[in-house]
Amino acid sequence: MSLKTVFILLGLALATIFALVCVLLTRGRSPRSCQHLHPEQEDMEDGQSLVFADLTPEEMSQVVRYLQGKLGVPLVEASRAKPSDNCIASVDLQVPAKAEVLRFLDAGGARPAREALAVLYFGNQADPNITEYVVGPLPTPVYHRDVTVQKYGGKVPYHRRPVTGKEYMDINTLIQRELKKAPRFLAACCESDGTNLVILTTAPRGFKSGDRMTWFVLFHNVAGTGYYLSPVGLEVLVDHGDLQVSRWQLHKVFYNGRYFASTGDLEQGFVAGVLEVVRLKQPQADAVLGSMRPRRPPESPGPLQFEPQGPRYSIRDNRITFQGWSIAFGMNPNTGPRLFDIRYRGERIVYELSLQEALALYGSNCPGGMSTRYLDGSFGIGRFAYELVQGLDCPYTATYVDRHYLAETDTPKTNQNSLCIFEHDSALPLRRHFSDSQSFYYGGLRKNTLVIRTISTLINYDYIWDFMFHGSGAVEVRVHATGYISSSFFHGQGTDYGNRVGPHTLGTMHLHHIHYKVDLDVDGQLNSLETQDMEYEFVKDPWSTQNTIERPYLRRARLEKEDEAAFPLNAPMPRYLSFVGPNPNKWGHPRSYRVQIISFAGKHLPTNSSMEPSIGWGRYQLAVTRRKEEEPTSTSIYNQNDPWTPTVAFADFINNETITGQDLVAWITVGFLHVPHAEDVPNTVTVGNGVGFFLRPYNYFNEDPSVDSSDSVYFSSEQDTGACGTNPLACLSSAAACAPHLPPFHFGGF
């Protein structure tokens, strides 16, 4: 071997060793383009958003300890309390007055005192009632004040209190005891001794103020599946209004179209052979109607969304920032998600955006179904927002946040990972254009959106609550309904009230109406309301006067009074309705935000109904009123159990006050009529069952603010479209190398 050959081989060996060393040194490191970025935080004093923050578990506990030591009355933990006891029903944040908050946020004023709102049920006194206390300052309270009369104009009667878990348990015990009086009937109708039957509550509870009588619908219970599709035809009316549980009684029984005075009478009718019985077999888990168990083994996984350089949003305490957006978020245990101080590019657009109520109103030829008007706030929209399943309820790589609440217990509870935040690529351009005239170019921007999501499970239904923030400066609010339909036992003319979806199951028609509060502050607090719509005018053709032309023109109007700004549900509404600020944009138009509603609501309850005032907000698809501190919510958790004398009557908010140049609130109703059908089994799908609204900039800016997005794409026929420096889309192939290491799946929600 020649010396030259030796040197060549030696050189190759050294080069190989050097390459291997480089590989080993860089193994496990992300490419430089994959290093996580740190999104810029809004220039805002640290901790300012905490003025809106939900109470911490420790703050809740401090309030409980304070009340136990200062009220001077015996308090029983709500989970054990009888109606004749006193108990702490709930503790939540007392949101400070808006004027105080704005002085703090905008004018350097003092931080408002941090306070809690405690709701107590006083059953162990001469005048049983519901009392609300403001307790503060937190974290170490030293005072409490009764605000019940100030808020509601008087004491809140005790019968209006929501039903507690303990009360339901005592009712179930009563029903089980009464079922034992009809053993032969139960064996024949249901292959049951009663212990494998479950009850479903209805509401409201009676026909007049003071009533507390509830129809309970009985279903076959099958572990691991929804019992809501397996009614057995039996329903019972329970009177549970007395403070002494021993005095509660079963008031009426319904079976397969007939009414009986008691389960004993029902048994006698069966034994005498005068009762027609539909003999049902106990459903089996592998064949029960509505089972969600997979029928096929898993195949290849679907697309996975990930962030090559980590999240482009940031979260600090209760504030989220994302590409010019800034939002303070929280959760009310009763009414659910609430957002405050929503800013875009440093300017506040919305002071408060909060869910108020969710109504589900049913029809049926069975007593439980026909009398049901659920007001879900009284059950707990926020309280029953459970852990989200990563990769299905939200993207796998979303940020998951715990929420805490104190209700029906003296100990705070945590719903872990019950709210998620993520950036969503909708696979749709936010804007784009391909030019094939004069010059050749393409310009566009992907529609990437920040999403805040939580999901409430309210007995059978699951509501997906979304709040979305777009690069165009628009806010989108959307709710989807899924979960199980509620059902009645199919008998008689059942199809007048829905569709048959099983051998003995009637999917009962119902409507979902959802109410929101939107406190817009467009270019400042003082706003007016402007409408715009189109009309046609017939004019002579200017260049051919013997002809006419139908020319559309814009009809503008300023609404002066609240009555003008209350738009009935399902009635025509101006296509453009905007909150108008005091200043013009560059082109001379007032800076505005447009309210655009997407809804398919059913018919509102007739106004001559005795319970209609309790859901008076449902009369209007949109009502704009002057903001008042004494009108913080459109309803009350006490309206459910006394809708005939509502604690809060929204219609009273509309009293024809001036709305020009005022601090205004938009109250928005969205919803849909749902007639269940075969495809609602096992679950209602979200497709087509989503409604909501947009808040869209309308002359607020001088141009679409998304033009400043670093995600913008532009290339022309004269450029190399494959060059990463020219076209960001050409960089995506290398971004695929940044796929994250996903943590193992975990779910602790049970």
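Visitor: Hi! Into which domains is the chain divided?
Guide: Hello! This is a predicted model, and its chain is divided into domain 1 (48–159), domain 2 (165–272) and domain 3 (332–698).

Visitor: What separates the centres of domain 2 and domain 3?
Guide: Taken over C-alpha atoms, the centres of domain 2 and domain 3 are 36 Å apart. The two domains do meet, with 30 residues of domain 2 in contact with 30 residues of domain 3.

Visitor: And how much area do they bury between them?
Guide: About 2400 Å² is buried between domain 2 and domain 3, and 59% of that is on carbon and sulfur atoms. On the domain 2 side, P204, Y228 and L229 supply 27% of the area buried against domain 3, more than any other three residues.

Visitor: Why give an area at all?
Guide: The accessible area lost when parts come together is often used to state the size of an interface.

Visitor: Okay, how many salt bridges are there between domain 2 and domain 3?
Guide: The count there is 0 salt bridges. Polar contacts are another story: 12 residue pairs across the interface of domain 2 and domain 3 are in polar contact.

Visitor: Which helices and strands of domain 2 supply at least two residues of the side that touches domain 3?
Guide: Those are helix 5 (165–179), strand 6 (197–201), strand 7 (213–220) and strand 8 (231–239). Strand 8 gives the largest share, 4 residues.

Visitor: What classes of residue does that side have?
Guide: The side of domain 2 that touches domain 3 has 15 nonpolar, 10 polar and 5 charged residues.

Visitor: Back to P204 for a moment. Where does P204 lie?
Guide: You'll find P204 in the loop between strand 6 and strand 7. A cis peptide bond joins A203 and P204, with omega about 5 degrees. Another cis bond runs from V681 to P682, with omega near 5 degrees. P682 sits in the loop between strand 32 (664–674) and strand 33 (690–698).

Visitor: New topic! How many salt bridges does a search of the whole structure find?
Guide: The search finds 45 salt bridges. One of them pairs E267 with R184, whose closest N and O atoms are 3.3 Å apart. Because E267 lies in helix 7 (residues 263–271) and R184 in helix 6 (residues 183–190), this pair ties together parts that are 83 residues apart in sequence.

Visitor: And how many aromatic pairs?
Guide: There are 30 aromatic pairs in the whole structure. Take F52 and Y351: their ring centres are 5.8 Å apart and their planes are at 75 degrees, so the pair is edge-to-face.

Visitor: Where in the chain are F52 and Y351?
Guide: They come from distant parts of the chain, 299 residues apart. F52 is in the loop between helix 1 (3–26) and helix 2 (57–70), while Y351 is in strand 15 (residues 347–362).

Technical notes: Residues are numbered from 1 along each chain as its sequence is written. This is a predicted model: local features need pLDDT of at least 70, side-chain atom pairs count only at pLDDT 80 or more; totals for chains, interfaces and linings use all residues. Side-chain values use heavy atoms; hydrogens and water are left out. Domain bounds come from an automatic or database domain assignment. Contact means heavy atoms within 4.5 Å. Buried area is the accessible area (1.4 Å probe) that two parts lose on being put together, summed over both. A salt bridge is a side-chain nitrogen of Lys or Arg within 4 Å of a carboxyl oxygen of Asp or Glu. A polar contact is a pair of N or O atoms within 3.5 Å; within protein, one must be able to donate a hydrogen and the other to accept it, and residues adjacent in sequence count only if both atoms are side-chain atoms. Ala, Val, Leu, Ile, Met, Phe, Trp, Tyr, Cys and Pro count as nonpolar, Asp, Glu, Lys and Arg as charged, and the others, Gly among them, as polar. Rings of Phe, Tyr and Trp (its six-membered ring) pair if their centres lie within 6.5 Å; planes under 30 degrees apart count as stacked, over 60 as edge-to-face and the rest as tilted.
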